[in-house]
Amino acid sequence: WASKSGGSESVLRDAIRSLEDRYDYIVIDTPPALNLLTVNAYTASDYLIIPMASDILSLVGLSQLRETIETVRYSLNPSLHVLGILLTRFNRRTLLSRDVLEMAQQLSVQIGTNVFDAKIRSGVAIAEAPAHGMSIFSYNPRSSAVKDYKEFLDEVLETIEKEAASHAQENK
């Protein structure tokens with residue numbers, strides 16, 4: 001990436017540096033394309049969460065993503081850590097979702113991460129909230145999918161806290 005784009009993969013990281021002291025967390029949401037915007041986000045990030053729809057095509061994308069992650073780690077951001085894979089549109093009752101979970105767990109080992117315990121079910125509230133200009137948590141907090149996202153956020157914060165404590169122990 002660095003040789004192709006002449007340093008433009010660091011633009012976002014440089015811009016964020018001036019904001020880091022103002023926020024506990026900065027979330028960068030990228031499209032599912034592996035392009036310069038995605039590489040910029042990976043270069044600027046400490047942690048990467050990989051959302052993945054519970055379907056077979058998403059598994060193909062996950063293996064392609066692995067190569068991009070390795071390239072970014074090698075040439076631009078050696079501290080990039082994949083926090084986990086988040087399965088979305090998950091239905092525990094279908095064989096397809098269970099098969100995708102099993103294959104995602106196998107691929108997660110290759111990336112050096114895991115699949116989050118929280119799984120996001122499909123829900124109308126998730127699709128409707130943006131149309132009403134509201135967060136999913138304000139729009140319909142009782143929705144099962146919204147509850148799944150709350151569980152996911154709690155798991156992310158717990159994982160980051162454990163990582164920080166582990167790094168603090170290593171640096172003593």
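These legends go with a few close-up views of a predicted model. In this predicted model, local features need pLDDT of at least 70 and side-chain atom pairs count only at pLDDT 80 or more, while totals for chains, interfaces and linings use all residues. Residues are numbered from 1 along each chain as its sequence is written, and side-chain values use heavy atoms, with hydrogens and water left out.

**View 1. Strands β1 and β2 pair in the parallel sense.** Here β1 covers residues 47–53 and β2 covers residues 81–88, with seven bridges between them. (Two strands count as paired if DSSP finds at least two bridges between them; helices, H or I with at least four residues, and strands, E with at least two, are DSSP runs numbered from the N terminus.) Look for Ala53, which sits opposite Thr88 in β2.

**View 2. Ile85 is a buried residue of strand β2.** Its relative accessible area is 0%. (Buried means under 20% relative accessible area, exposed over 50%, and partly exposed in between, using a 1.4 Å probe and protein chains only.) Ile85 and Gln169 are 84 residues apart along the chain, and their C-alpha atoms are separated by 26 Å.

**View 3. Gln64 sits in helix α4.** At 45% relative accessibility, Gln64 counts as partly exposed.

**View 4. The largest pocket has a volume of about 1,600 Å³.** Of its 41 lining residues, Val27, Ile28, Asp29, Ile49 and Pro51 come closest to the centre. (On a 1 Å grid over the protein atoms alone, a pocket is an open set of points where a 1.4 Å probe fits, with protein on both sides within 12 Å along at least five of seven lines; lining residues have an atom within 4 Å of a point.) Strand β1 gives the largest share of the lining, seven residues.

**View 5. Ser10 lies in the loop between α1 (2–5) and α2 (11–17).** Ser10 is buried, at 10% relative accessible area. Its side chain makes a polar contact with the side chain of Arg13, at 3.0 Å. (A polar contact is a pair of N or O atoms within 3.5 Å; within protein, one must be able to donate a hydrogen and the other to accept it, and residues adjacent in sequence count only if both atoms are side-chain atoms.)

Definitions and conventions
Grid points are joined across faces, edges and corners, and a volume is the space filled by probe spheres set on the points.
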